[in-house]
Amino acid sequence: VFSVIRWREQPARTAKEIASAAITKRRGGPMRRPFYSPAADQSADGGVVVGAAQDGAAWVWRIAEDNRLEQIAEIGPLEIDSGAPSLTSLRITPDARLVVCGFAVELPEKKNAKPTPRLVETGLVRLWNLEKRSMRTLAAVPDAVEAVAMSSHGDLVAIAPRPGGALRVLDGETGKLLWSDSKANFDDALAISPDGKLLAVSSGRSVRIYEARTGRLVRTCQTSGGMVAVCFSDDSSRLAAGGVDPNLYVWKLSEPTQDIVLPLAPMPKGDEPVDTVEALAFDAYSDSLIAYLPREELPGFWENLQNPPTPGITKTHITGSQIVRREISPHGAKTRLLETDVLFTRVRFAQDSRRFVESQLDNDSIRVWEY
């Protein structure tokens, strides 16, 4: 049940698209997923953008003063001897020196398997050094990789598995497994703190915080819904999370008594419950959170909630995206930064949150926005 809370809105600030680039998708060949969506990320200041196709081909651009994207690096698709690799996650270090990519690899079905061949998936983690213009496989893991995170200096890489797999942390230089945890049911929201000391990962209706290098569980933070996005403040003192929940959560890691629950419902228009928060970041001053909320309602969504349907209702198919700012105080202001009928499938905020990069389903481009 979602409580009705009125927004104290500030005037809407409209974000604008400032640049875009095509991601050449591979023609033909098996893909693990039936859809196509590029992955993208950007440096801390938003000045460097990296984008990759589902086959692992990747490009890096620098944003010029006139907002043109100037390509500075490119690498071909991932080729392996057996199996069908599919890129699931991509992250770049704040200084745009390293890029880590996570893959799920669908292995060939065993012949004569009885009674029915079972789909087998493993994972790969690839590391791209932009200074040396080199790409290498950092590690192969037994679980399909759903998300990756990398420390600011690239010395640690964390891997979120598919449900039922093990959370893993690797040495970013050697690929050696430092520790793993298979005791919890992990989701694909994870982040390493800017100082490299902590790892946060969503697990059911909680967020687990570990010492990043040792795996010691430091704290478990409870929520009322499943978390889809987690992020640390620049000074690593606070952790925020959002997801399938009418609230955002901010935890003061050294002082639990200062934890804050921030209402985020209803949406700025109407009294509908809030949609899922799928991307989240602290702003440049760490006094507000920037959240991305997609919305997609298939035809008949609201009609099917009525039994029997109300006469005269028109079938709907609503899609759209919102970027909102929420001040970090219980009654803080909420500002719409963007509201569009375009549905984004992946969003990454720059560290200073003035820019974000997004991609869309079955679209071979990425786009950079600024507000």
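The model is predicted. Its pLDDT averages 83 over the protein, and 81% of the residues score at least 70. Over residues 27-35 the pLDDT is below 50. This stretch still has 18 contacts in the model beyond near neighbours in sequence. Residues 267-273 also stay under 50, and there the model has 19 contacts beyond four places in sequence. Where pLDDT is low, the predicted coordinates should not be read in detail.

Next, the hairpin. Strand β2 covers residues 39-42, and strand β3 covers residues 48-52. The two pair in the antiparallel sense, over four bridges. D41 has V50 of β3 as its bridge partner. Five residues lie between the strands. In this hairpin G46 takes a positive phi near 75°.

Which way do the residues of β2 point? A39 and D41 point one way, while A40 and Q42 point the other way. All four are buried. In a regular strand the side chains alternate between the two faces of the sheet.

β11 spans residues 156-161 and β12 spans residues 167-171. Four bridges join these antiparallel strands. A158 has its bridge partner in β12, namely V169.

Conventions: Residues numbered from 1 in each chain as written. Predicted model: local features only at pLDDT ≥ 70, side-chain atom pairs only at ≥ 80, totals over all residues. Heavy atoms only, no water. Buried < 20%, exposed > 50% of the residue type's maximum accessible area, 1.4 Å probe, protein only. Pairing = 2+ DSSP bridges. pLDDT = per-residue confidence, 0-100. Contact = heavy atoms within 4.5 Å.
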